[in-house]
Amino acid sequence: MTVSQYVLPDSKSPALALVQPTDAEKIGQFKKNGLTWKGALSLDAYLRREEFLSQQAFTRDGGITYWVLVDSAAKDRVVLSGCETLRKKALVARDGKVEEVVSHGVGSVFCPPEYRNRGYAARMMEELGRKLETWQTDQQRCMFTVLYSDIGKTGLFTEDEQEFYTARGWHPFPSSHISVPATSKPEVHVGTLPQSRPLHAEDLAELCAIDEGLIRERMTRSSSDGRWTAALIPDVDVIQWHHAREEFVAKELYGRTPVVKGAIVDNKPGHRVWCYWTRMWYNDDPQENKDNTLHILRLVSEGESLSEGHPPDANHQTNGHSSIAPAIASLLAAAQQEASQWTMGDVEIWNPTCVTIEAAQHLDPAAEVTHRDKESIASLRWYGENPDRPAEHVNWIGNEKYGWC
């Protein structure tokens, strides 16, 4: 059936249904959204990447679910809009009581051009928001879901991006970053900073487990003012999913894969500071670094707190006296050099705390915090009390790049 022959239904029609797509419908969606999201890949490579990513430990066995909004009354089922969700391990806490819960990350929200501006994506998100509260919960609860809005950049909808998702229950949270340029020779001599060493794939499982323990411990000390604290767990499966993504793209573009997955300072347990990163290529020319970014997935300090969940405001001033700022600067310097080796333009870390800003400005005094309002806007839908104002009642910690999907 061609679009010209098909009479488009009203977005409020009871015949519209949110379902899992057939394999053919899923591929059809990929072919359409790939024109927007394939980055530096060919469309064929993008299709292979999506299949590859669906088979990772994080996504297989039901870890990823594909959704489409269809007109069930049509003679031949028509896909009007689509998306995917990734099941995520998460924690919530209030008054020091920590509970492990199920969460979901919403990604790849896409409405084909021929069906836009008719309310189909809105209907899909409304249906999805209700569905996810009980989806794959088993004996646990789903207290929140997340998404990272890019519709201001892609232009898939006519509504303002925040208004579109906020109206369907996903409310914006702080979405900022600071970046330093990629360089083979950091301006600050590495010898003036603590020495870092690279992290490899075999280092990740132990460090991720330590990180989860630190998050749980810190959440037991959460405020007793009645607010909730929420966190996505940065476990090894999540981190490796990001690395699988970069490895696939690197192999396609350069015929080789990155082996350095992050960096760590200090070998003494209890005093270490480390980070994991991932590389993302967007430039169509593999030899050009513009728009390519090495993202810090997760920054962890075993000792001094990073004051997670309390990013500085636009008037932030650093005090220049943090004991771990030099260690973080060393990690960022290692990331700068790694980014330079992989045709990256810069290194970016999301929702930087005061100490992270201090470290970044040690490497690049001109570095400033950017508050995003057009892309990757971190948004959270809360299923607990006060769902209409989660930013006032929920402290989302670890709101970093590892949570993106």
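This is a predicted model: local features need pLDDT of at least 70, side-chain atom pairs count only at pLDDT 80 or more; totals for chains, interfaces and linings use all residues.
Residues are numbered from 1 along each chain as its sequence is written, and side-chain values use heavy atoms, with hydrogens and water left out.

**Strand β3.** I then checked strand β3 (residues 78–94), where 14 of the 17 residues are buried, so the strand is largely enclosed by the rest of the structure; buried means under 20% relative accessible area, exposed over 50% and partly exposed in between, with a 1.4 Å probe and protein chains only. Helices (H or I, at least four residues) and strands (E, at least two) are DSSP runs numbered from the N terminus, and two strands pair if DSSP finds at least two bridges between them. I noted that β3 pairs antiparallel with β2 (residues 64–71) over 8 bridges, that a hairpin of 6 residues joins the two, and that W67 has C83 as its bridge partner. Strand β4 (residues 97–110) runs antiparallel to β3 with 12 bridges, and in the 2-residue turn of their hairpin D95 has a positive phi of about 55°. With strand β9 (residues 228–232) β3 pairs in the antiparallel sense over 4 bridges, and here V92 stands opposite A230.

**Salt bridges.** I counted 23 salt bridges, each a side-chain nitrogen of Lys or Arg within 4 Å of a carboxyl oxygen of Asp or Glu. In one of them K89 meets D235, with the closest N and O atoms 3.8 Å apart; K89 is in strand β3 and D235 in the loop between β9 and α7, 146 residues apart. K89 counts as partly exposed at 48% relative accessibility, whereas D235 is buried at 12%. I also found R298 and E400 joined at 2.5 Å between the closest N and O atoms, and both residues are buried. Finally, I noted one network in which salt bridges that share partners join E246, E247, K261, R279 and E338.
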